[in-house]
Structures are given as structure tokens and as C-alpha cells.
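Let us look at how two protein chains meet.

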Amino acid sequence: MARKKIREYDSKSLLKQNLKRLANIELPICSAQVTKSTDFTELLDKEKWLSARRLVVKPDMLFGKRGKSGLVALNLDFAEVIQFVKKRLGQEIEIEGCKGPITTFIIEPFIPHKEEYYFAIDSERLGCTISFSECGGVEIEEYWDKVNSIFLPTDSPLTNETIAPLIAGLPLEIHGKISDFMKGVFAVFQDLDFSFIEMNPFTLVDGEPYPLDMRGEVDENAGFKNEEKWGNLEFPHPFGRIPSPEESFIHDLNEKTSASLKFTLLNPKGRIWNMIAGGGASLIYTDTVGDLGYAAELGNYTEYGGPSEEEMLKLARVILDCATANPDGRKRALLVGGNIANLTDVGATFDGIIRALKEKKSELREANIHIYVRRGGPNYQTGLAKMQAVGEELGVPVEVYGPEAIMTGICNRAIEGI
Amino acid sequence: MATGQLFSRTTQALFYNYKQLPIQRMLDFDFLCGRETPSVAGIINPGAEGFQKLFFGQEEIAIPVHSTIEAACAAHPTADVFINFASFRSAAASSMAALKQPTIRVVAIIAEGVPESDTKQLIGYARSNNKVVIGPATVGGIQGGAFKIGDTAGTIDNIIHCKLYRPGSVGFVSKSGGMSNEMYNTIARVTDGIYEGIAIGGDVFPGSTLSDHVLRFNNIPQVKMMVVLGELGGRDEYSLVEALKQGKVNKPVIAWVSGTCARLFKSEVQFGHAGAKSGGEMESAQAKNQALKEAGAVVPTSYEAFEAAIKETFEKLVEEGKITSIKEVKPPQIPEDLNSAIKSGKVRAPTHIISTISDDRGEEPCYAGVPMSSIVEQGYGVGDVISLLWFKRSLPRYCTHFIEICIMLCADHGPCVSGAHNTIVTARAGKDLVSSLVSGLLTIGPRFGGAIDDAARYFKDAYNRGLTPYEFVEGMKKKGIRVPGIGHRIKRGDNRDKRVELLQRFARTNFPSVKYMEYAVQVETYTLSKANNLVLNVDGAIGSLFLDLLAGSGMFTKQEIDEIVEIGYLNGLFVLARSIGLIGHTFDQKRLKQPLYRHPWEDVLYTK
């Protein structure tokens, strides 16, 4: 859901294709993507320029400051690029505290250049902020005060007049080119439901605007309108988030349903595990465990909304598998929580959880799991009674609370318990 | 935005995309509040018109259904709230159409997943035209004792428990719809309850913001204090901070921003709501809580302490005499719906229909207990499906194969027989498939196609009574009844019906016993001695062989066999089979574009 960062390679491909269609601007950029499955001979066959030109190669993994981290190589030939990539592909690096392997590179022609302009469009609630600076490039943060911004209200067109104050410092003869380019990019931004575009920098090649580096974010909710324009657009995980098999499983499940299912593994050895309904409540339960000083014991973050019994069963299985994977004799807590539902049938939701609990009877007992339940809403009495009953049946301690109890009260109970 | 009250006890809404439950919940709330008029004036269901029956208390009322937004607004000019239950794909377009109606002031959008750019268009239009958008991705909102949007505040029990049927003194706004219901409970526990509560929805760009509603609450005299539940992500809380700093809010604000846990996650995380994304420091829950506190809001140390902070503020206002105790009213009892009463086991009601052959309530439909998937996976044929749906059991393959042969043999018999003729005439009269089919089917009866059942009945009776073919045939003759299943227009003793031969050969090879068929052959031998055209015809062959199938398979009791023959199952076989041919004739005539059939004069004997 919501905003998704896309790879530089995809940002540039979308820009190139659609700038032509929407603004009749031919962007002379070329880029190629390399992952561990890339066959370099095939790639060369498809992208002939790779052998004809000097090249730049860098990781394309949604993190910035690549130059500063020594991950960009300039002015290589194709053989040197291959060597560079092969040496680093799969290598673990650390960027701002996040660790992960490098899996994807982008290769482009090496463009000796003079001008480095900064250009960004950011979608906001009442319009878009459009920023431009003559001093773009890796040092942009030091020249932040040289970035000019205008705010363009929703529905106002981007015109030469609105752009004029941004580019006032540029030589007059290039105003036309730069304005047309910015208007074109803005048209692509709107037409393809981008929520953020940044070029830092773009330059001029033979007097024509040429983005050297680009970041993009699209509004995933607009996917249904953009099926053709986006094509098979990839939404990579943020860098450093290497999903565990369990996380990937739930992520895939979530993609296929209208229900909401989220699962993040925080600490496999944790002793407090969450199974929380509702986007708002799941956050607050997680907060509360942290506020009570037990963040380190939190096994996971989970949120579900509107799942079918089968989907709930699958999610519950995953959580129980993780929660019972590392028994150490000490007590563990499973929080089956949620706010007082508006319309979810609590009894029905719990049926899926109960089926999973029954499947994992021996694991639950071995891991010394105590279950704390709190929920209200339609049919909650039935749901709570069923949970109580399954506890007795399985020999797993279960405490149940209804709407009369404070929502996060079970966090306290769980912490006292462990 | 700003200004004050959005709703009152007379507010009426138009409801887009008919959903029975949320509308009924709104009407139940109305009744609970003692409203005189229902809060839903009309329903818009694209492409449909008429009325929807719903309950207003004990009484049933008919709410008009309109096919377009324009028509609904014209018919209900006083309805100024538009509640949009359209899907995320169409919510934006219908919401914009509603905003453009002069009579509509407030639009609530329930759908989750509306594209940001579309919401921005709605926000822009609403701002320039002084209209209010609540949502998208929200449950809605409620004004105590006055008006409720859709599913807000859940069950009747919950509404009564939170005393939402009468106004309290607290204005509440949050992003989360689920948490708003939780907070209605919390607030009811420690104050005199909700005056108005709004869930703005979890999107990145809500149609109206937390601060929009806080500023509005500030203008409503009955609201004495405001409770705000924010979330990490976005900067909306900072406009509230600004408003507080500028002294635009002169009532106490108790605020909490959830999502302090985001720092536990090393990389960027998208939480449950689209807007709840960990980003820069400014957008963190900690920073927002800090800023709100510095701007003068009451900010607890954690969510757990939220309730106590609300309580303390409320009690202080009571002490200061700013809140006086309200007179409690007892809401009327809402009659329970039959469905929920049955579900909870409180009442029972007789059913009006009984069915034993199929069940469509589970994951997949079942024929006589056999799920659709195993029917397909095990390679069952039409004969097996007939055996499940007609005989409620799985018959052995030779039986179902026999049924299939019967169907294939009876599917059509040329264009001249009366059924096909009728179908052809009807099709040529320009009638539709079903009319053409049934006009052919309606000819099936004692003289056309209906002989299988009778053949089976008479052969069975004669055989079971031990009559010789002579006794049987002559007995029938005495009663003036032709022996069904005997006789053919063309076929002769020396030119047997190929179909009869095929059936008999199949049965001899596969059936454990063919005693009825042997009896029918003996009868035929006798009738052939009387006239060369009195052969056993296909009706007689199917009728007698079906008796062998029923008796020989060992899967039917004597009573069951009697009943099957009595009810007329075997005719069903002919009706089913011949439908295939009749449908074919209909398509054939239509494909050939045949004109209206008129019988030629020359072919009619006009006479006195």
C-alpha cells in the first residue's frame, strides 16, 4: 500500500518512455540493470552501447550517498564494469546502520559534464513542491540554502512563469530548454502517479537536459490505473530489510487479498509475540511493550484486518512457528489483542487463530507460551469463550479480557507473566 | 475548513453503493437517539432504481433508490451528507461528482486504497468550495445523539455502552477507525462521553485533517475538551501545533501520537495505515508528542496514561463549572433482527424450503455431499452428476455410462418431430432461446416422448405380477391402452431400431441382470407376431433397461424403485436429452436467419 520507492533503473526507464509520449522530448539516456541472474553476453547483445562507450556503474538499491561510500565506479570499459560488479555482487555492506548484500547494479554511459543541477518534485496534500538548484551533486546538503522551491497548488498548471523564479540564475539562452524539461518531467510525474521524483544531478549534454542520477517513488494505490504504463514495476524492500522466509510468505499473502496482513520479525529469541488486529491498535500494542521497557523481548510486529478464516490461520501459523522456534524453558507471552471492532466478527476471526493453536499444541506447551487475549466488538463474547475453551483443551494458559478492560492491559499482564 | 457543527439531529445523508448493514446500523442509531426522520434519505445504486426496505425501529420503511447522484440530489435537496461506499477504483470519481452537487456539503469516503492524486483533486475542490471530505480509508464519524456515518461505533450494544445516543462534551479525532471506537469506550468511561468523533482515515493525504476537526470542535460551544489520537508519519500534527501556538484553540486538548515503537525497527517500515510510515525525525511519534506538549496540549507519557489524562482534564472542567452534568435518558430497545437472534440461539424460526440434493454454503458447492472439485478431479461425467442430483448417490460407472448413452441417443430426432417443430416455429417468430426451448419441451407428454415412464410402469407391473406376454398385451388391449414402448412408425421386425440394439448390447455386457429387458423382448416377440411394425422402440428399451439398472445395481430398495418410477424420473431423462437438440434447433434457425414461419394454405384442409 501507499508510497513505494522504485529503482533508479525503473525511474529512468519510465521517464524516458513517457517523456517522449507526453512532452515529445527524446531523452538520450541509456541504462542497464545487473543482478546475479544477468548473463553479460546477452546483456551486451541487447544494449550495444555497453561496448561502445565508457561506463559508470553503481548499486541500484534505494539507498543514497553511493559516491561517498565508494560504491560508484566511473569511466570504465565493459570488462572493468563486469569485474567491478562481480567483486561486489552479494557482498554485505552497511549504509547508515542498515546491513545488507548488494544485489542490483545499474550501468550507464560515463558522461563528463560541467553543470550539476538539482531538480525535485514532491507530492504534498495541497499540491506539489518543485525544487531546483544550480548547485546539485553529491554536496547538495551543504548547499541546501541554494535550493529554490515553489509550491504548486493541486490543479494549477506548471508554466514558464511559475518555473521562472526557480531558474532565474541560469543563462537566459537555456531557460527554454530547462523549462520544457521540467514541465515534461512534471507531466510524467502526474500521469504516472509518482509521489516523488529527484534528479541530483541532471546536466546538459549538447545543450539537452540529461539526468545523471534519479530517485522515484510511486503511489502503489494508483497501480490499477497504471497497469500498462508501469508495466511489471518492481517494488524492492527498503535496503537492509532482507525479509525472512516467514515475512516473505505473509507479504505475498497480503498482495493477493483485500484483507490486510503484516508481519515483521523483530527478534526471533523474543519472548513477547503479537497477534494484533487493526492498523491503529497494532501500533499502540507495540508501543506499549516498548514503553514498559520490554522492547528487547518483542518477537514481532503484526497487524491484520479483515482476513478470512483461512488467511488468519496462515498468519497465525507463521506467528506461532516463530514464537515457539526457540524454547528456552522460560515463560513466553502471546498477545492476541485488538481494539473494540466496529464491524469485524470477533468470533469468526478467532476461529482461524484457534485452528492454528490446535495444530501447534505440543510446540506451544514446549515453548511455555501463555496467551493473553483482549478484544471487543461484534460477537466478542463467543470469541473470548472459544479462546478460553481452547486453552483448557490444549493445556495452555489463556487469560481473556473484553471491552471493559483497557486495551493494552494485557501487555502488563504479559510482562508480569514473563 | 474550521467553522463548526457538521451534523444535527435532522441531518440526512445519501448513501452511495447500497450496503444493507451499514445503512441499517445508521437507522438503528437514529431510532436509539429518538430521531424523527431516518438519517438516510436516499440510496444511490448505479444502474438500479426503486426502493429498499429497511427497519426504522419496529417499523419497516422504504428508502428510495436512485441510479445517479444527480437524480438523488434533486430528489432529496435537504440531504447534505454523501456517504460513499464505492470501491477504491471508483470512489474518487463518485466523490467528485457528489462534491459538485450544490446540495452536498460533506462527503465521507470509506474505501481504502484511493490513489493519492485523486484524493488531492477532491481536497482541492472541497477547499475552494467550502466543502468537507472525511476519509478516504475511514469508518466515518458520529455526533452523539444526532447522526452516525455507516459502521462507526459498531454494534448497538457498544453504542449504548458508550452512551453515544446522547451528546457528551468531548470532541474526538483520530486517524484510525478501529481506535476511534476503542476511544469512544475509553472516553465514556472517564467523561460524560462523546459530542462528536471523527476518524480521518489512515491515508497519507486525508480529505480533512486532525487539526481541521480540532479547530472546528473549538467553534462548537457544546464541545468542552478535545481528544486527539495521532500517528507517526506525515506532518498533520504540526498544523495542530501551529494552531495551538497561535492561540487558535482555547479548549483543552489531550493528545497522543502512537508509533513510538518505530525506533525499534532499523530500516524504514510501512505500518498498517498508508500514512503510518517511519520517515524523518520530524515525522516520528516522539517528535510530534514533544511538539504538541510544548505547544500546550496535554500529552501523556504513554498510551496507557492517556485515559488518566483525559479523566483528569474532564474532572478539572467539572470542578471549574465548565461542564455541568447532563440528564441521562434511557434509549429505547431496538428489536433484534431475526438473523442475529437465530445466530445467537435466542429464537428459532421454521424454514420454508427444504433441500437435500445440493449445498452451496461452504467453500465450494456440493452435489449430494460430493464437492465440485472432486467431481472434476475424479473425472466424473454428466451421468455421475445426474446420479448425484437425481438419485442422491454415486452409481457404479456402468450405470452412469448407461445414463449418458440414453441422453446421447435421445438428444435429437430431426426437425420434423413435434418438439423440434414447435421450437423451430417459435425461434422463427423471433422469440428468445428460453421461449423457443420451452415451446418444444411443452409438447413432451403422453404422445410425444413421454412413453419411457409408462413403458417402465407397465412392464414392471406385468413382470412383477408374473403375466405372460400374451396376458399382458391382451389385457392392455381390453382396457383400450396401447402398450407403451412398442411400435414404430418406420422400423419393422426385419429392420430393428439401431438405438435399441446398442442399448441392449451395452446392457447385456455390463448389467448384472437384464430380466426386465428379456421380458420386454418376449413381449415384442408376441406383438411382432401380430404386426410387423410392433417392435420394441427406444422408449420401451430405455424403460425396461432402467428397471434392470435400478433393480440390478443393488443400490435401491423396492420402495425407492417404486417411487422413482412413480414420480416420473425416466421422463426427466428424455426432457434433459431433448433439450440439447431443441437448443440446437433454436441456434440453427437463428444462425440461418429464418423468417417467420407461416403454414401454407395448400397444406390445410379447409372444410365445414
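Q: How many residue pairs are in polar contact between chain B and chain A?
A: This is a predicted model. The count takes in pairs with both residues at pLDDT 80 or more. Between chain B and chain A, the number of residue pairs in polar contact is 24.

Q: Which helices and strands of chain B each supply at least two residues of the side that touches chain A?
A: Both kinds of element take part. The helices are helix 4 (116-128) and helix 6 (177-190). The strands of chain B are strand 12 (225-231) and strand 13 (253-258).

Q: How many nonpolar, polar and charged residues has the side of chain B that touches chain A?
A: Take the classes in turn. Charged residues number 18 on this side of chain B. The other two classes are 19 nonpolar and 23 polar.

Q: How far apart are the closest N and O atoms of B:D212 and A:R125?
A: The rule finds five salt bridges across the interface of chain B and chain A. B:D212 and A:R125 form a salt bridge, because a salt bridge needs such atoms within 4 Å and theirs are within that limit. Their closest N and O atoms are apart by 3.9 Å.

Q: About how much area do chain B and chain A bury between them?
A: The contact joins 60 residues of chain B with 59 residues of chain A. Of the buried area, 55% is on carbon and sulfur atoms. The total is about 4700 Å².

Q: Which residues of chain B lose the most area to chain A?
A: Together they make up 13% of what that side buries. They are B:K120, B:E182 and B:E304.

Definitions and conventions
Residues numbered from 1 in each chain as written. Chains lettered and ligands numbered in written order. Predicted model: local features only at pLDDT ≥ 70, side-chain atom pairs only at ≥ 80, totals over all residues. Heavy atoms only, no water. Contact = heavy atoms within 4.5 Å. Buried area = accessible area lost by both parts, 1.4 Å probe. Salt bridge = Lys/Arg side-chain N within 4 Å of Asp/Glu carboxyl O. Polar contact = N/O pair within 3.5 Å; in protein donor to acceptor, adjacent residues only side chain to side chain. Helix = DSSP H or I, 4+ residues; strand = E, 2+ residues; numbered from the N terminus. Nonpolar A, V, L, I, M, F, W, Y, C, P; charged D, E, K, R; others polar.
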